[in-house]
Amino acid sequence: METPMRASKKDFHVPETPAMKQVGYGTGVGVYQLNRSPNPAGLRSPWALKKVLKSHKHSTFGKLLTDEAKILQKLNHPNIIGFRGFKVLDDGRTALAMEKCSECLGDMIEQRYEAKLGPYPAENIYKVVRDISSALVYLHEEVQLLHGDIKSFNILVNGDFETVKLCDFGMSLRLDANSGRALGEYCGTNCWSAPEALAEDDVTAAADIWALGLTVWEMLSLSPPHIGTICSQDENASFNLDESSFVNEGDYGTRPPLPDHKFGPEYEKIILLFEQCTETEPKNRPTAKEILEFLETQ
């Protein structure tokens with residue numbers, strides 16, 4: 001019998017949407033800053049609240065958010081966003097409360113692109129890869145779970161890359177303990193999807209590794225993979241492409257070329273890692289544990 005979804009560690013009040021600051025968005029949901037009332041010990045840190053939009057009240061997004069909450073409340077790792085609570089609102093919509101981080105890596109990449117600052121420093125990329133690989137060792141080996149939608153927009157950063165955390169488990173799939181195959185249909189974002197996922201072949205933990213490699217590419221190029229210009233997300237689609245954007249769907253599932261930039265020796269291992277993670281054959285990609293071991297030898 002399935003364990004029922006608990007409402008929350010402690011019940012919490014959800015204000016009307018206009019009373020909260022929007023800090024993010026996704027397909028069918030909005031993400032808001034939920035300020036909590038002070039307790040006798042003083043102020044309490046805000047939470048991030050993911051809530052189904054009114055326009056999608058009668059869609060399947062409520063179930064997807066419930067499923068995500070069921071997964072998240074069972075996870076416990078310093079590089080995975082923390083579960084704080086779940087609630088069914090009076091109008092039937094669902095809301096998931098989570099630990100709040102400073103910024104989304106995808107937004108940070110867009111801001112850096114607009115400021116014309118060039119590729120991220122190698123040390124920042126190393127930090128992202130280390131922390132996300134640590135989360136993936138836990139997911140793939142201990143929990144037998146495929147994240148299924150790794151990309152910069154699902155990576156959160158605290159401070160000046162002090163801690164990096166993986167979020168958004170709405171597309172996660174269980175991994176078969178014997179075969180290592182994902183159980184269910186892979187529904188990750190096409191730009192970051194591995195070739196075997198796009199071909200609807202067997203998907204394993206190696207699909208997350210491919211997407212991590214493309215996230216490294218994002219930090220080098222300051223653009224989503226296979227898209228000509230930076231694009232912004234909205235509440236109804238993974239990307240909202242403007243008229244100047246160029247998407248080459250025929251390139252999905254391939255390794256994008258490195259940007260035309262003279263990378264110094266400090267990027268050598270990063271570029272090698274990017275190439276290894278984006279090998280066409282899944283068996284030729286490193287595991288998350290092997291990535292950590294590779295980084296420790298720098």
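Q: Leaving aside neighbours within four places in sequence, which residues is I270 in contact with?
A: A quick note first: this is a predicted model, where local features need pLDDT of at least 70, side-chain atom pairs count only at pLDDT 80 or more, and totals for chains, interfaces and linings use all residues. Numbering starts from 1 along each chain as its sequence is written, and side-chain values use heavy atoms, with hydrogens and water left out. With contact meaning heavy atoms within 4.5 Å, the partners of I270 beyond four places in sequence are A122, I125, Y126, V216 and L220.

Q: Is I270 buried or exposed?
A: The cut-offs are under 20% relative accessible area for buried, over 50% for exposed and partly exposed in between, using a 1.4 Å probe and protein chains only. I270 comes in at 3% relative accessibility, so it counts as buried.

Q: Are α3 and α5 roughly parallel or roughly antiparallel to each other?
A: Helix α3 (residues 122–143) and helix α5 (residues 206–221) pack with axes 11 Å apart, at an angle of about 165°. Axes are lines fitted to C-alpha atoms, for helices over the stretch in contact, and angles run from 0 to 180 degrees between N-to-C directions. Under 35 degrees counts as roughly parallel, over 145 as roughly antiparallel, 65 to 115 as roughly perpendicular and the rest as oblique. The two helices are therefore roughly antiparallel.

Q: Is F161 buried or exposed?
A: F161 is not a glycine, yet has a positive phi of about 60°. This residue is found in the loop between β8 (155–158) and β9 (163–166). Its relative accessibility is 8%, so F161 counts as buried.

Q: And E200, buried or exposed?
A: E200 also has a positive phi, near 60°, in a residue other than glycine. Its place is in the loop between α4 (195–198) and α5. At 73% relative accessibility, E200 counts as exposed.

Q: What is the bridge partner of L34 in β3?
A: Strands β2 (residues 29–34) and β3 (residues 47–52) pair in the antiparallel sense over six bridges; pairing takes at least two bridges found by DSSP. Within β3, L34 is bridged to W47.

Methods. Helix = DSSP H or I, 4+ residues; strand = E, 2+ residues; numbered from the N terminus.
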